[in-house]
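Please keep the sequence and the structure in view while reading.

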Amino acid sequence: MISRTLRAPGRSSLLRLRATGPLSRRAVTTDAASSHADKAQVPSEDDKPFEVRLSDESFETYELDPPPYTLNTTKKELKRMYYDMVAIR
């Protein structure tokens with residue numbers, strides 16, 4: 001009985017649409033140009049942490065909470081992220 005329902009042309013297209021359609025949509029758009037750090041707070045050592053602040057307009061989210069707008073990082077971490085980004089591209 002179920003196999004006949006799945007073979008019916010009208011019903012099978014409805015089942016396919018329901019199975020392939022997205023159940024929920026979430027999106028995050030970023031703008032990295034709006035991030036900055038005060039040069040006076042950036043240490044000369046590579047392992048010393050400092051704070052990077054992002055603008056409130058850095059992220060546009062839909063049905064998601066935005067990430068924090070401040071983060072602590074080191075020069076060493078930033079250099080490694082840059083190296084990984086260039087290597088992947």
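This is a predicted model: local features need pLDDT of at least 70, side-chain atom pairs count only at pLDDT 80 or more; totals for chains, interfaces and linings use all residues.

The partner of strand 2 is strand 4, residues 70–73. The two strands run antiparallel and are joined by four bridges. Within this pairing, Val52 stands opposite Leu71 of strand 4.

## A nonpolar patch on the surface

Which residues form a nonpolar patch on the surface? They are Tyr82, Met85 and Val86, which together have about 320 Å² of accessible area.

Val86 is a part of helix 3, which covers residues 75–88. The relative accessibility of Val86 is 46%. Residues count as exposed over 50% and as buried under 20%, with partly exposed in between; Val86 is therefore classed as partly exposed.

## The chain as a whole

The secondary structure of the protein chain consists of three helices and four strands. Their order along the sequence is α-α-β-β-β-β-α.

The protein chain has 89 residues, of which 10% count as buried. Its accessible surface amounts to about 8,100 Å², and carbon and sulfur atoms account for 55% of that surface. Considering contacts between residues at least 6 apart in sequence, 48% join residues at least 24 apart.

Technical notes
Residues are numbered from 1 along each chain as its sequence is written. Side-chain values use heavy atoms; hydrogens and water are left out. Patches are made of residues with over 30% relative accessible area and no salt bridge: like charges are joined within 9 Å, nonpolar side chains (Val, Leu, Ile, Met, Phe, Trp, Tyr) within 5 Å. Accessible areas come from the Shrake-Rupley method with a 1.4 Å probe; for residues, only the protein chains shown count as cover. A salt bridge is a side-chain nitrogen of Lys or Arg within 4 Å of a carboxyl oxygen of Asp or Glu. Buried means under 20% relative accessible area, exposed over 50%, partly exposed in between (1.4 Å probe, protein chains only). Contact means heavy atoms within 4.5 Å. Two strands pair if DSSP finds at least two bridges between them.
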